[in-house]
Amino acid sequence: MPAAAAAPLVFITGASSGIGQALAARYAQAGWRLALVARRTAQMQEWAAAQGLGPERCRVYGADVAELDSIVAAGQACIAGQGLPDAVIANAGVSIGMDTADRGDLDVMAQTFALNNVGLAATFHPFVAAMVARGSGRLVGIGSVAAIRGLPGHGAYCASKAAVVAYCESLRTELHRSGVQVVTICPGYVDTPLTRGNRYGMPFLIPADTFADCAFRAIEAGASYRVIPWQMAVVAKLMRALPNALFDRAVQGRGRKRRRDE
C-alpha cells in the first residue's frame, strides 16, 4: 500500500451508500486517499472510522450536489486540504418515477436534472482547469443503461442519464490531447438501496462490490465508455437495434419506477 502522502487521491460524490460507498471501499483497498462527498456526513465519517481510515487517508465533505455553490465549494476545499485529485467520480444521482400528466412530477423532473446533470458538471468544474494545467487526471461520470432507451414511467431518469452520456462525450472531445481523460461508466442493475424497491425484473443483477471492482479496473484502464456488467452491454446493444415498433411492444406491461409519493 502506498504511503499516505504519495498515494493518489480520488474524489467521489454520493459516497454514503450504494455504488458510491462500494467505489470508496475499492479505492481504499487499492491504497488511494479518499475525498468523499455526501449530505450525511456523520454516517460517512462512521463508515471511514469502521474501515480504519484516519484523516490522512480519508476526508469527508458535506455538500448537496444539487446546489451548485455547495458542490463547487466541496471541490475547492478538497484541493486546498488534500491536493488536486487524480480521479473525480461524479456518482451522486437520484432515480424517481414520473407521470407527465401530474404537475408535481414536473418538479421531480427538474430536481432529477439538477442533481444528475447540472450537479455532475458542477462536480467536475473545480478540477478541470487545474487538471489540464497539470496534464493528467480522470473525470468519471456515472450514467446508466437506462440511457439507452426510454422506459415507461422512467422519463426523468432515462432522459437524465442519456444526458450524462452525451455530456461526458462532449467533455471528452473538449479535453482531447489535454492529458485529462473522461470516462463514462453505465451500470446495469446493481444491488443497492436505490434498486431494491424496483417493481420489475432486474436481469444480471450484481452486488455493489462486484460493480465497483469492474468500474475501478475500467477507469484505471482509461476506458472512455463501459457498461457493467458485460452482459448488460450486450442487452443494451440489442435494445438500441430494435425497431421502435418492436421495442414499444416489448416494454408494454413492464413495472414502472415508484413515483415520489408512492
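Does G155 count as buried, exposed or partly exposed, and at what relative accessibility? G155 counts as partly exposed because its relative accessibility is 35%, where buried means under 20% relative accessible area, exposed over 50%, and partly exposed in between (1.4 Å probe, protein chains only). This residue is found in helix α5 (residues 155–174). G155 and V145 are separated by 10 residues in sequence and by 14 Å in space, C-alpha to C-alpha.

The model is predicted; local features need pLDDT of at least 70 and side-chain atom pairs count only at pLDDT 80 or more, while totals for chains, interfaces and linings use all residues. Residues are numbered from 1 along each chain as its sequence is written, and side-chain values use heavy atoms, with hydrogens and water left out.

The protein chain contains 8 helices and 9 strands, taken as DSSP runs numbered from the N terminus (helices: H or I, at least four residues; strands: E, at least two). With 262 residues, a compact globule would have a radius of gyration near 18 Å, and the 18 Å of the protein chain therefore agrees with this expectation; the radius is taken over C-alpha atoms, and the globule rule is 2.2 Å times the number of residues to the power 0.38. The C-alpha trace spans about 55 × 40 × 30 Å along its principal axes. Buried residues make up 48% of the 262 residues. The chain exposes about 12,000 Å², of which carbon and sulfur atoms supply 54%, as computed by the Shrake-Rupley method with a 1.4 Å probe. Of the contacts (heavy atoms within 4.5 Å) with a separation of 6 or more, 71% involve residues 24 or more positions apart.

An open sheet is formed by 7 strands in the order β3-β2-β1-β4-β5-β6-β9, with parallel pairing; two strands pair if DSSP finds at least two bridges between them. β3 (58–62) and β9 (225–228) are the edge strands, each pairing on one side only. From one strand to the next, the twist averages 15°, with axes fitted as lines to C-alpha atoms, for helices over the stretch in contact, and angles running from 0 to 180 degrees between N-to-C directions.

Within the sheet, all 5 of the 5 residues of β1 are buried, so this strand is largely enclosed by the rest of the structure. In a regular strand the side chains alternate between the two faces of the sheet. Both faces of β1 are covered, with L9, F11 and T13 buried on one side and V10 and I12 on the other. β1 is joined to β2 in parallel by 5 bridges, and R33 in β2 is the bridge partner of L9. Parallel pairing of β1 with β4 involves 3 bridges, and V10 stands opposite A87 in β4.

β1, helix α1 (residues 18–29) and β2 make a right-handed β-α-β unit; a crossover is right-handed if, with the strands pointing away from the viewer, the path from the first strand over the helix to the second runs clockwise. Strand β2 (residues 33–38) pairs in parallel with β3 over 5 bridges, and L34 stands opposite C58 in β3.

Helix α6 (residues 208–220) lies across β4, β5, β6 and β9 and runs at about 155° to β6.
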